[in-house]
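Colleague: I am new to this structure and would like to learn how to read it. Could we go through it feature by feature?

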Amino acid sequence: MKLKEDLSPVLLLVFHLAVWIYSFLSFLPSVFLGWMSTLDDGVRYGSEEDRAKRMKACSEPGRPEGPYRAVRATKRLEATLRPGVQTLDKMFELSARRFPHRHCLGTREVISEVDERQGNGKLFKKVILGEYRWLSYQDVFSAASQLGSGLASLGQRQKNNIAIFCETRAEWIVAAQACFMHNFPGECL
């Protein structure tokens, strides 16, 4: 690649002129469109500072824990995907009822780990994985339900926090679904 000093001054001038014309022609419409744009309620967008100060989302029930919705879209948003399905656990339950035998969670067994040295001298651990083994929606739903019931029988109560310490694995999803089903809010660590 040639350096700036190696290029012909005329060619460099033509390039700078083309970039300036393109910038000018693409900037003007954005200025006019931004100036003419209005919100749904007829209020102009205003300056960047005004837009930063404007409330963008609010809690639907008025509580800080949410759920939050965009202020401009609360009237047009669907509240549920299906009637009676308003939470994550209900959505998963519906999926398990509709597609009990379809693949839900796939895992692969770690066959071996190979240390591979990079060109810069760093060691990279390469993992050789086996074929996918799938759990169906019904299997995952059953496991999550049983885990949640087990936690409840051990003394875990609704709305009491629980922590999940796990790498990203199928068991993590099962534990999260169990918490959703039994209303155990928590932290996934």
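Colleague: What covers the buried residues of α3?

Modeller: This is a predicted model, and what follows is read from its atoms. For α3 the cover includes β3, α4 and α5. The buried residues themselves are Asp 89, Phe 92, Leu 94, Ser 95 and Ala 96.

Colleague: Where do these elements fall in the chain as a whole?

Modeller: The chain has five helices and six strands. Read from the N terminus, the order is α-α-β-β-α-β-β-α-β-α-β. Of the 189 residues, 17% are buried. Among contacts between residues at least 6 apart in sequence, 50% join residues at least 24 apart.

Colleague: Which residues of α5 are buried?

Modeller: They are Ala 170, Val 174, Ala 175, Ala 176, Gln 177, Ala 178, Cys 179, Met 181 and His 182. In an α-helix, residues three or four places apart point the same way, because there are 3.6 residues a turn. In this helix, Ala 170 and Val 174 are both buried. The cover over the buried residues of α5 includes α3, β3, α4 and β5.

Colleague: How far does α5 reach from its first C-alpha to its last?

Modeller: The helix spans residues 170-182, and its 13 residues reach 19 Å, close to the expected 18 Å. After α5 comes Asn 183, with a positive phi near 60°.

Colleague: Is Val 140 buried or exposed?

Modeller: Val 140, in helix α4, is buried, at 0% relative accessible area. Not counting residues up to four places away in sequence, Val 140 touches Phe 92, Cys 104, Leu 105, Leu 135 and Val 174. Take Phe 92: 48 residues separate it from Val 140 in sequence, while the C-alpha atoms are 9.6 Å apart in space.

Colleague: How many salt bridges does the structure hold?

Modeller: There are four. One of them joins the side chains of Glu 113 and Lys 125, at 3.8 Å from N to O. Glu 113 belongs to strand β3 and Lys 125 to strand β4, so this pair ties together parts twelve residues apart in sequence. Lys 125 also forms a salt bridge with Asp 115, with the closest N and O atoms 3.3 Å apart. Asp 115 lies in β3, so this pair ties together parts ten residues apart in sequence. Another bridge pairs Glu 171 with Arg 169, at 3.0 Å between the closest N and O atoms.

Colleague: Which residues make the nonpolar surface patch?

Modeller: Leu 17, Trp 20, Ile 21, Phe 24 and Leu 25 make a patch of about 540 Å². Phe 24 sits in helix α1 and is partly exposed, at 39% relative accessibility. For the chain, the accessible surface is about 15400 Å², and carbon and sulfur atoms account for 58% of it.

Note on methods. Residues numbered from 1 in each chain as written. Predicted model: local features only at pLDDT ≥ 70, side-chain atom pairs only at ≥ 80, totals over all residues. Heavy atoms only, no water. Helix = DSSP H or I, 4+ residues; strand = E, 2+ residues; numbered from the N terminus. Expected span 1.5 Å × (residues − 1). Buried < 20%, exposed > 50% of the residue type's maximum accessible area, 1.4 Å probe, protein only. Contact = heavy atoms within 4.5 Å. Patch = residues over 30% accessible without salt bridge, like charges linked within 9 Å, V, L, I, M, F, W, Y side chains within 5 Å. Areas by Shrake-Rupley, 256 points an atom, 1.4 Å probe, with all protein chains shown as cover.
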